[in-house]
Amino acid sequence: MTENTEVTASTAAAPDHPDRSPAGEHDLVEAAGHPVGSGDVKPGYDPRLANEDLAPLREQKWSAYNIFAFWMSDVHSVGGYVTAGSLFALGIASWQVLLALVVGIVIVQVFTNLVARPSQSTGVPYPVINRAVFGVKGANIPAIIRGLIAVAWYGVQTFLAAESLNIVFLKFIPAAAALVEPTFLGLSALGWISYAVLWFAQAALFWNGMETIRRFIDWAGPAVYVVMIVLAVYLVSEAGWSNISLSLVQGEPLTGWASVGVFCTAVAIVVSYFSGPMLNFGDFARYGRSFKAVKRGNLLGLPVNFLFFSILTVITASATVPVFGELVTDPIHTVERIDTPFAILLGGLTFVTATVGINIVANFISPAFDFSNVAPQKVSWRMGGMIAAVGSVLLLPWNWYDDADAIHYTLGVLGALIGPLFGILIAGYYVAARQRVLVDDMFTMSPEGAYWYTNGYNRNGVLAVVLAGVPTVLLGVVPKLIADLGYFDISWIGNFTWFIGCALGFAAFWWLERLSPQVPSFDGGTAGVADGATA
């Protein structure tokens, strides 16, 4: 046991504080009409670690419905539509796909609840709770990795939403067709206009703070459902119910052992699709009024919502075969093929809304907290989000989105680290810390602080990232490289890197903490400790 495990609250905790922080620069911003974070920055908090966006919340007000709406925004997108439809075309029977959906989404629900508890019980976002595991400085490692992933996908999702907006422009403004041919940096002039419109719209929504975002996702998820149901009813009425099938497989479905591997792949695809928002779900769970409310929202938003959305998706996609003469799995193209002004306007704007919803919750808020965590006094939550927004443009996502190799060898490397980071956080919080966190010590640079470890880094956390991350990245990249060179093909293992990485991260951190314990657990209870087990 290291000396850090003997620290008590009295050695490093910040002084007691009344209901809110003393007046300062953030109050001037708030008075000017721009809301700031709702965290309680105590006088003893180190400015290198704290601002009003990262500090523990004064109030936790989100209900189960707000969490449910968060997941609706995450699921109801072009990517979610295409992913759900693709599962029904993998070559296995429809009942096997539905079972794979159930198994995959229940796994997501269980792990989401696990990552929710530490942030809900302490009121801090994902990068801050990592300070208890990685150290007050070491927490920047998982924060930066998750932030970079979000920046890349923020650009992709904005580009997909821009594609929907292009259709609306072309239908209602005929002169816009002249802007399709001129291109700059690989994107048409019309594409740039649509991208810019959505870029500024998302930035404006984000700039108004989490309460405005909450109200947006509360409305956006149900609104997309209404249009999806209308679209499905219209296409089914045109196709006839007898022509609708829950299977999108061409030819006979796989049977026996041949279907087992595909079934497991389907489960892995579901988990991988949600792996990003699942990792940083603490950014939202911290607002939950209780852990019970968060769990109820996860139940409604994941198994119930995702299964209904998936069935609605496959019914809609199946109806495109008799209506259009071919299978159309992209909802944007489905709306475009209907070719009536009202349908294109309603459908186009709906899928714009859906994509903005997932972009805000999955790819904007995460880097906002993650980058702010690196330098809280220089990078506010807003600035962190704007860094991500600007970075997404500089990456020119439209040039590599359709390049499978580019995605695999760039985002694939970063994405393979999500599993290890998840496993390390779970091992650190539930096994090493036993769900007990000395909240104020996550905001002190004092060498006597519980989470100072060695110069601000928990060597076990850093080493676990290497031990789990390197083999996971290699498993995600090398098999495809071997197959591309014409040798044997075991690239299917890339579908399971989240599971492999999570298991390796958990095992590596648990083993290292057994050999040389670093994380304090505050057995017996300590003043200022948030105990998730009894919350």
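**Reading the interior**

Author: The residues lining the largest cavity comprise four nonpolar, five polar and no charged. Here Ala, Val, Leu, Ile, Met, Phe, Trp, Tyr, Cys and Pro count as nonpolar, Asp, Glu, Lys and Arg as charged, and the others, Gly among them, as polar. This is a predicted model, in which local features need pLDDT of at least 70 and side-chain atom pairs count only at pLDDT 80 or more, whereas totals for chains, interfaces and linings use all residues. Residues are numbered from 1 along each chain as its sequence is written, and side-chain values use heavy atoms, with hydrogens and water left out.

Reader: How is a cavity found, and which residues line the largest cavity?

Author: Rolling a probe the size of a water molecule over the atoms shows where empty space is left. A cavity is a set of points, on a 1 Å grid over the protein atoms alone, where a 1.4 Å probe fits but cannot get out; lining residues have an atom within 4 Å of a point. The largest cavity has Met72, Ser73, His76, Ala220, Gly221, Val224, Thr353, Ala354 and Gly357 in its lining. Helices H3 (64-75), H10 (210-239) and H16 (341-374) each give two or more residues to that lining; helices are DSSP runs (H or I, at least four residues), numbered from the N terminus.

Reader: Is Asn66 buried or exposed?

Author: Buried means under 20% relative accessible area, exposed over 50%, and partly exposed in between (1.4 Å probe, protein chains only). Asn66 is buried, because its relative accessible area is 6%. This residue belongs to helix H3 and, apart from residues up to four places away in sequence, touches Lys61, Arg214, Ile217 and Asp218; contact means heavy atoms within 4.5 Å.

Reader: How many salt bridges does the whole structure hold?

Author: A salt bridge is a side-chain nitrogen of Lys or Arg within 4 Å of a carboxyl oxygen of Asp or Glu. The search finds eight. One of them joins Glu211 to Arg214 at 2.5 Å, N to O. Glu211 is partly exposed at 32%, whereas Arg214 is buried at 16%.

Note on methods
1 Å grid on protein atoms, 1.4 Å probe; cavity = no way out; pocket = protein on both sides within 12 Å on 5 of 7 lines; lining within 4 Å.
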